[in-house]
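Please consult the sequence and the structure before reading each solution.

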Amino acid sequence: MLDSRFLLEGASDADIGANSIVTYRLDSNDYFTLIVNSKNEENKQVELVLRKSLDREDAPEHKLLLTATDGGKPELTGSVQLLVTVLDVNDNAPTFQQSEYEVRILENSDNGTTVIRLNASDRDEGTNSAISYSFNRLVPSMVLEQFSIDTDTGEIIIQGNLDFEQVNVYKIRVDATDKGHPPMAGHCTVLVKVLDENDNVPQVTLTSLSLPVREDAALGTVIALISVSDLDSGANGQVTCSLTPHVPFKLVSTFKNYYSLVLDSALDRETTADYKVVVTARDGGSPSLWATASVSVEVADVNDNAPAFAQPEYTVFVKENNPPGAHIFTVSATDADVQENALVSYSLVERRVGERLLSSFVSVHAESGKVFALQPLDHEELELLQFQIKDIHLWWLTALYSWKSWMKTITHPSLSLPVREDAQLGTVIALISVTDPDSTVNGQVTCSLTPHVPFKLVSTFKNYYSLVLDSALDRETVANYYVVVTARDGGSPSLWATASVSVEVADVNDNAPAFAQPEYTVFVKENNPPGAHIFTVSATDADTQENALVSYSLVERRVGERLLSSFVSVHAESGKVFALQPLDHEELELLQFQTSGRVSVPEASLVTVNVYLIIAICAVSSLLVLTLLLYTALRCSATPTEGACAPGKPVLVCSSAVGTWSYSQQRRQRVCSGEGPPKTDLMAFSPSLPQGPNSTDNVSLRGQRVCSGVCPPKVDLMAFSPSLPPNLDRDERERQESESNHSGPGAASCGYFIIIEDKRGTFVDNIAQDPGLGLAQLVRCLFRVASKDRGDFRSALDHKITAQLTDYKVVVTARDGGSPSLWATASVSVEVADVNDNAPAFAQPEYTVFVKENNPPGAHIFTVLATDADAQENALVSYSLVERRVGERLLSSLESVHRESSKVFAW
């Protein structure tokens, strides 16, 4: 410390007298000065005094020259060199060469691979410079799972599997702590960037649109839609697609990572009826990875082949005089087409044979091809009968008549559902194809979407559309979109068809947790046991599933010379805050700290809340003792007049949630028993009776005696229900009291009359009207109104009172045992708050509605109505359809119901 003195051994001189008088001189320096205390020449004290703080790290040693000079002539001198060695104290924290290190390492690196070797230095020496390395307490658990650190060498080692696709950056805070007393620490941050390797195979998804494909399909017809993806990044994630060679198809890129398989050359089912097409997706990594997907394209038949007879002509010999209807022979024709296109019917090519028609001689069976003679043939009359038989497809026998009666057909194969709420604009949601069997303008179809949705239709090919994202999504605002696609042709009148797709918005972690309140003020008893639960913080997250899981931690700081974490801790999952040691009011009156909430996923948002922890002096602390103290104070607060007392007015004292007390002169106070756990204690009251004539103790206040014997009782009501509305101020309470005081005829009231008698200081209770409540004496002159069976007070109200009242007026009467008897009353208006315990009920169990066909889209069909017996927001009813299938379509594609008005509409 400054001004420290170090005694030096003085110089001696063998001379005597003036020749032996010695003076001292110290050479010039910044740290020390010389002081000589001379009581006499024989007793001189030479002291070295410290004038400037020493720093061992700057100068571990100081060399000084002390010179002694005698008083003789000539002067003789002697000198000595002083070596001052500065000893070390732990006044330097370890330091790293850099405050932040950046390391790049490949994913899938082997366990045990060294990431970085840190090196911190400490300017102290000995144990003060010995350094131990560790991860900071705020390092997330995912870092501890993937890495470990050598406490002696500072080497960070991989102990888990690094996956670029899961986490690509780790932020690690490292502490270097010396072994001095008290220990000192230095900090640095290691930023570990994981480099991508080509370790993910491309993914191929095929969505068939129009299979089988007609063999007369036009070139460019879309056969299937293909999407590819690769979890890798950069060149490793760039995917190219190719097809099996020598197939009549090609791939056309429509959007990024989306392809269409289209017809590239003419098909002929009779040549090739089926194609197995293999799509190969290959990434740009080295070595390259690939994946394949196959689709079997079946060629549908069209009637493009005429029937062919087994031989071009038949020569048949028939005996004359055959019986009528005799089977002569059978012809046979085949067709290269299939199914109905290959069905053949036979008929004669009519002509005249002489003066008669051919059909009068022979006939052919339309299906079997059998030829029959219709009459006996006569060789002398007809030696040779030559005729032709034609074969006709049954399809040709069907009349084709184009009439405007076809409905549009819409197909919407989903590609990427659900859709992430951070999806980029232009992302393809679904691919849509429309068809109309009509021709010309009757077959020209246009498509439109439901208005006010963040999507749009983009035409890719004729009659093919892509449903793409047009504006940003927010799952917390709208989690699901019901998109209706309407296809309308150009005919007159126009016909239309609809198809619907439900687009679910997938959650991403874009919301930080929010605490229930911005700060907490908590009162804690001192001398609590270690590990005592103090209170609980609660934070919620608007996201869902794992994005909404919140973990809690303390924001570390110093409280005096100690770390906050030595006083309190917070449970990472429940948010419960515990005291780690007994708290002492005299040592620490107020402990202020921050608790943070973080979503349990990488790169999560962090939010903090302030906590004020007040350590109370509570050697004996309970609600009962606090009530007694308050009761005594209230009794002593009123100064009676000499000789007589005015009628006592009831005093209502309400307790708040944190145990503070307020004083009120109001005669009435509303107490709400609302939602929450059962509260059997509705109120407590104290009849403030003065001392009786038999008492020898007189209480005086400010020199005035408290009257006794002729004063009416005084009833103090103390409300113990913590369900008082926190936002109900005094003006609002007075307004509610005024309303309850002016209730009209028929207003619900229920009186509780309590008779209290003074029998040598003992109070006996009695309730005249009893709907399930009773009195319980806590101590002398202190009672509690509670449900008799100690059950749920709300249940008592609901089952004991048959009128189902929502407001109760409780009157407490305190009566003494004097003659004449004196009494006082106090009243409390108890309001029963609503909970959501009633389901909505429809006006009728089922509806039967008749609707005309061919109604316009959006027509209002009918309205349903449901009511709820609850009140306010608990009575608000919203309506929705119970989804099911009607044939091959969803019910929601036929009708919808308005959420609020309950109107039902036809699409």
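**Exercise 1.** Identify the ring over which the charged end of Arg356 sits.

*Solution.* The charged end of Arg356 lies over the ring of Phe361, 4.5 Å from its centre. The criterion is NZ of Lys or CZ of Arg within 6 Å of the ring centre and within 35 degrees of the ring normal. Arg562 likewise has its charged end over a ring, that of Phe567, 4.5 Å from the centre.

This is a predicted model, in which local features need pLDDT of at least 70 and side-chain atom pairs count only at pLDDT 80 or more, while totals for chains, interfaces and linings use all residues. Residues are numbered from 1 along each chain as its sequence is written, and side-chain values use heavy atoms, with hydrogens and water left out.

**Exercise 2.** Classify the aromatic pair of Phe842 and Tyr879, and state whether each residue is buried or exposed, or in between.

*Solution.* Step 1: rings of Phe, Tyr and Trp (its six-membered ring) pair if their centres lie within 6.5 Å; planes under 30 degrees apart are stacked, over 60 edge-to-face, and the rest tilted. Step 2: the ring centres of Phe842 and Tyr879 are 6.4 Å apart and the planes are at 55 degrees, so the pair is tilted. Step 3: buried means under 20% relative accessible area, exposed over 50%, and partly exposed in between (1.4 Å probe, protein chains only). Phe842, at 47% relative accessibility, is therefore partly exposed, whereas Tyr879, at 9%, is buried.
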